[in-house]
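Please read the points below with the model open beside you. Each point takes up one part of the fold.

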Amino acid sequence: MPSPLRPNAPSERPLFDELFLRRIERMSLQAQRTLRGNPASGEHRSQRQLPATIFSDHRPYSSGDDLRYVDWHVYARQNQVLVRLGEAEQDVHVHLLVDASQSMLLGQPPRLRLAQQLSGALGYLALAHSDRVHVVPFGPSAGRAFGPVQGKSQTVELLRFITQIKPQPTTQLTAVLQHYARAHPQGGILVICSDLLVPDGLDEALRLLSPPRWQTLVLHLLDQQDLQPELRGSLELEDSETGQRLDLTLDATTLAAYQRNLEAWRSQLARTCSRYAATYAPLMSHWPLEQQVIPYLRLRRLLW
């Protein structure tokens, strides 16, 4: 069976270098302590206090408590039977939502490739630290999901699923996220990898994905042509998803107006994310994953 880290045909490129996952394995997703996870496993701190040998507080002993956590020094001094409490570590659910619409095929390299690399790398980190991973490609609706799975033994299947994501004709981000939030009431870390080219914005999409139940990361994938288009003159532009066409003359005045609208749109996205306590992180599709994308995510404290 071929490895998803290796190309199956000469024209295909692997998502990662063979040693890349080993080099990033010590990193971890930065999970908020308010998230609700499973204290039986995992490495993220939570707000729960459970019996522990390293303690931060006490509570009276109750029938059934493990005697290993009784503070016998307190009992000897005060004749009180108290249990030592400490911060519980937990796993969390990590939901990786990948925009697979037609517009994600644009860019050099395509934005979809960066989305696959990001979901593969973040999914691997989550598996390596005992979190529960879900991967969901979406277009007009959520596609067939992978997971939830837990443990590094699931890495090959995770990467195979991601490399086989098929493009979808359009995207309905708001409807997808609203349905997804209702279907996963426990919440967790939600990572959206998308170009965010949606007509209805992010307000309604993020309304149901706010803390303390959710920690939402919006990774906005952009191409250099989005920021500095090289097109000039009289053109007919076609929407890659709707097929709608527009006759346009791209001169200095039109391009200046485009730049103003682009900056206003990105600023609005950032404000919307901030309003719902989501993290907004724009990423360029041509950035090398290990040399620029991963350091940028660490700088933004999304990884540690």
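The numbered points below move from the sheet to the helices and then to the backbone and the cysteines.

1. The model under review is a predicted one. It contains an open sheet of 6 strands, ordered S6-S5-S4-S7-S8-S11, and the pairing is mixed. Strands S6 (146–150) and S11 (279–284) form the edges; each has a single partner strand, so one side of each has no neighbour in the sheet. On average, neighbouring strands are turned by 15° against each other, with direction ignored.

2. In general, the strands of a sheet pair through backbone hydrogen bonds, in a parallel or an antiparallel sense. Strand S8 (residues 214–222) pairs with S11 in the parallel sense, over 6 bridges. Within this part of the sheet, Leu219 stands opposite Ala281 of S11.

3. Helix H4 (residues 155–163) lies across strands S5 (132–138) and S6, and runs at about 10° to S5. Which residues of H4 are buried? They are Thr155, Leu158, Leu159, Arg160, Phe161 and Ile162. The elements that cover them include helix H1 (20–24), H3, S5 and S6.

4. Helices H3 (residues 111–128) and H9 (residues 289–299) have axes that come within 12 Å and cross at roughly 65°. The crossing is right-handed. H3 contributes Leu114, Gln117 and Leu118 to the contact, while H9 contributes Leu289, Val293 and Leu297. By class, this contact has 5 nonpolar residues, 1 polar residue and no charged residues.

5. Most peptide bonds are trans, and most residues other than glycine have a negative phi. A cis peptide bond joins Gly147 and Pro148, with omega of about 10°; Pro148 is found in strand S6. A cis peptide bond also joins Pro211 and Pro212, where omega is about 5°. Pro212 is placed in the loop between helix H6 (203–206) and S8.

6. Ser130 is not a glycine, yet has a positive phi of about 70°. Ser130 lies in the loop between H3 and S5 and is partly exposed, at 27% relative accessibility. Ala277, also not a glycine, has a positive phi of about 60°. Ala277 is in the loop between helix H8 (252–275) and S11, and its relative accessible area of 43% makes it partly exposed.

7. How many disulfides does a search of the whole structure find? The search finds 0. Cys193 counts as buried because its relative accessibility is 1%, under the 20% cut-off. Cys273 is buried as well, with a relative accessible area of 0%.

Terms used: Residues numbered from 1 in each chain as written. Predicted model: local features only at pLDDT ≥ 70, side-chain atom pairs only at ≥ 80, totals over all residues. Heavy atoms only, no water. Disulfide = S-S within 2.5 Å. Buried < 20%, exposed > 50% of the residue type's maximum accessible area, 1.4 Å probe, protein only. Pairing = 2+ DSSP bridges. Helix = DSSP H or I, 4+ residues; strand = E, 2+ residues; numbered from the N terminus. Axes fitted to C-alpha atoms, helices over the stretch in contact; angles between N-to-C directions. Contact = heavy atoms within 4.5 Å. Left-handed = near helix turned anticlockwise from the far one by under 90°. Nonpolar A, V, L, I, M, F, W, Y, C, P; charged D, E, K, R; others polar.
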